[in-house]
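I am opening a notebook on one protein model. The entries say what I looked up and what I found.

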Amino acid sequence: MKRLSPFRLWLYRIVAARLPETRAFGLKARLLRWCGAEVGRNVRINSSAVVSGTARLRIGDNVWIGPGCRIYPTGGGDVSIGSNVDLAPEVMIVTGSHEVAVGAERAAGRGCSAPVVVGDGCWLCTRATVLKGVDIPPQTVVAAGAVVVRSVSDRPGGMWAGVPAKAVARA
């Protein structure tokens, strides 16, 4: 898997923004492949979804990426989305952050990044946020508005909710 091309992603965003929100899925998937992403079969990307970054992006088969989703594979923080995954509207996946610089002129210190993995069959509900270094096991539901700051479990299934996200149910 190769790294994303920032220039090609910029062109992708220009083209995708002019396509119908829930149409031309095949074209959007082909364009994202052209940008360097590994994109599976039957991937449906809404036109208002944004991908930005220079790390690697892998999207499995039969994935839905809803309106307003934002995926930021930055630095060394690759993003891997399994097959049969649903990303509801405005889901955010962010692989970069900053170390906290206590007592410095700026609180946001040196940049850091870590990969994010979303397992097969997951459902990330509306406005869920997944931060750097998180591994979500297969068949997991992340509730609407949840902020996942650490890997949620090593066992498949279950539901995570809240800020920060905690287990609320087990499948």
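**Entry 1: ground rules**

I note that this is a predicted model, in which local features need pLDDT of at least 70, side-chain atom pairs count only at pLDDT 80 or more, and totals for chains, interfaces and linings use all residues. Residues are numbered from 1 along each chain as its sequence is written, and side-chain values use heavy atoms, with hydrogens and water left out.

**Entry 2: the whole protein**

I looked up the secondary structure and found two helices and 19 strands. Helices (H or I, at least four residues) and strands (E, at least two) are DSSP runs, numbered from the N terminus. The radius of gyration is 16 Å, close to the 16 Å of the globule rule for 171 residues, so the protein is as compact as a globular protein of that length. That radius is taken over C-alpha atoms, and the rule is 2.2 Å times the number of residues to the power 0.38. Along the principal axes, the C-alpha atoms fill a box of roughly 45 × 45 × 25 Å.

I then looked up burial: 41% of the 171 residues are buried. Buried means under 20% relative accessible area, exposed means over 50%, and partly exposed is in between (1.4 Å probe, protein chains only). The accessible surface comes to about 8,400 Å², and 56% of this belongs to carbon and sulfur atoms. Such areas come from the Shrake-Rupley method with a 1.4 Å probe; for residues, only the protein chains shown count as cover.

**Entry 3: sheets**

In what order do the strands of the open sheet of five strands lie? I read the order S3-S6-S9-S14-S17, with parallel pairing. Strands S3 (50–51) and S17 (147–148) stand at the edges with a single partner strand each, so one side of each has no neighbour in the sheet. Two strands pair if DSSP finds at least two bridges between them. S14 (residues 129–130) is joined to S17 by two bridges, and Thr-129 stands opposite Val-147 there.

I also looked at an antiparallel case, S18 (residues 159–161) with S19 (residues 166–169), joined by three bridges. Met-159 stands opposite Ala-169 in S19. The hairpin of S18 and S19 has four residues between the strands, and Gly-162 takes a positive phi near 100 degrees in it.

**Entry 4: salt bridges**

My search of the whole structure gave five salt bridges. The term means a side-chain nitrogen of Lys or Arg within 4 Å of a carboxyl oxygen of Asp or Glu.

Glu-38 pairs with Arg-58, with the closest N and O atoms 3.7 Å apart. Glu-38 lies in S1 (residues 38–39) and Arg-58 in S4 (residues 57–59), so the pair ties together parts 20 residues apart in sequence. Both are partly exposed, Glu-38 at 38% relative accessibility and Arg-58 at 25%.

Asp-61 pairs with Arg-41 at 3.0 Å between the closest N and O atoms. Asp-61 is in the loop between S4 and S5 (64–65), and Arg-41 is in the loop between S1 and S2 (44–45). Arg-41 is exposed, at 61% relative accessibility.

Asp-78 and Arg-56 meet at 3.8 Å, N to O. Asp-78 is in the loop between S6 (70–72) and S7 (79–81), and Arg-56, in the loop between S3 and S4, is 22 residues apart from Asp-78. Arg-56 is partly exposed, at 26%.

**Entry 5: Ser-113**

I found Ser-113 in strand S11 (residues 108–113). Ser-113 is partly exposed, with a relative accessible area of 31%. Leaving aside neighbours within four places in sequence, the residues in contact with Ser-113 include Thr-74, Thr-95 and Lys-132. Contact means heavy atoms within 4.5 Å. The side chain of Ser-113 reaches the backbone nitrogen of Gly-76 at 2.9 Å, and a polar atom of this side chain lies 3.5 Å from the backbone nitrogen of Gly-77.

**Entry 6: Asn-46**

Is Asn-46 buried or exposed? At 1% relative accessibility, Asn-46 counts as buried. Asn-46 is found in the loop between S2 and S3. A polar atom of the Asn-46 side chain lies 2.9 Å from the backbone oxygen of Ile-65. Beyond four places in sequence, Asn-46 is in contact with residues including Glu-21, Phe-25 and Trp-64.

Note on methods
A polar contact is a pair of N or O atoms within 3.5 Å; within protein, one must be able to donate a hydrogen and the other to accept it, and residues adjacent in sequence count only if both atoms are side-chain atoms.
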